[in-house]
Amino acid sequence: MRVGDEARLGEVDAGFKVAMGTLNAIVGSGNMRMQDLADAMASGVLATAKTFGASMQSVGAAIATLTDEGIPATDASTRLRMSLSLLGAPSQMAEKQLKSIGLSGLDLANAMRSPGGIIAAIGLLKSHLDHAGLSASQQAQLHSRAFGGGHTSSAILTLINNFGTLKHKQDQINSSMGKF
């Protein structure tokens, strides 16, 4: 071994422990097993999250929330991957819909890159929807038009509807990461 190799190995070992603790915390906060989460990660959700500035803990909180709603982890991660792209780089149609409630795609992208991650972006969207004076049906229509409807927007809508749970999951993951 060369000088400094032991220190680098210690850093790598610490990094693995943090990553494993995070994965265990995600599994513990959602309705899934470790194999479910491992299969879910194969969707490429973490690469997309990195592109749009969301942390693994933020992704984990979203997947845990979606699995609690009965969505299998692999489906949840695929829908979340699409949702991150829609929130981080909205289409022209989405920009038009968001503008009607006082938002822009850049507002959502910047919120997702903030320390609040996915929770900040979903919270910002929820807040603007709530303050727009729209009925629940009008909000759902706007949401569907902005984010493509069907499976494409279902993760975003589920996270908006379960925003309190999403925040709780994030807190639960953050507080229990070091316990594993």
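1. Ile-160 sits in helix α10, which covers residues 150-161. Helices here are DSSP runs of H or I with at least four residues, and strands are E runs of at least two, both numbered from the N terminus. The model is predicted, so local features need pLDDT of at least 70 and side-chain atom pairs count only at pLDDT 80 or more, while totals for chains, interfaces and linings use all residues. Residues are numbered from 1 along each chain as its sequence is written, and side-chain values use heavy atoms, with hydrogens and water left out.

2. Ile-160 is buried, at 7% relative accessibility. Buried means under 20% relative accessible area, exposed over 50%, and partly exposed in between, with a 1.4 Å probe and protein chains only. Setting aside neighbours within four places in sequence, Ile-160 contacts Ile-122, Leu-125, Lys-126, Leu-129 and His-143. Contact means heavy atoms within 4.5 Å. Leu-125 is 35 residues away from Ile-160 in sequence, yet the C-alpha atoms are 8.0 Å apart.

3. The largest nonpolar core has 47 residues, and Leu-80, Ile-118, Ile-122 and Leu-125 touch the most other members. A nonpolar core is a set of buried Ala, Val, Leu, Ile, Met, Phe, Trp, Tyr and Cys residues joined through side-chain atoms within 4.5 Å. In soluble globular proteins, nonpolar side chains tend to be buried together.

4. Apart from neighbours within four places in sequence, its contacts are Leu-87, Ile-156, Leu-159, Ile-160, Phe-163 and Leu-166. Phe-163 and Leu-166 are among the buried residues of α11, along with Lys-169, Gln-170, Ile-173 and Ser-176.

5. Gln-170 deserves a look. It lies in α11, residues 163-176, and is buried at 9% relative accessible area. Not counting residues up to four places away in sequence, Gln-170 touches Gln-57, Ser-58, Ala-61 and Ile-119.

6. Now the whole protein. There are 11 helices and 0 strands. Of its 180 residues, 44% count as buried. Among contacts between residues at least 6 apart in sequence, 70% join residues at least 24 apart.

7. The accessible surface comes to about 9,100 Å², and 54% of this belongs to carbon and sulfur atoms. Areas come from the Shrake-Rupley method with a 1.4 Å probe; for residues, only the protein chains shown count as cover.
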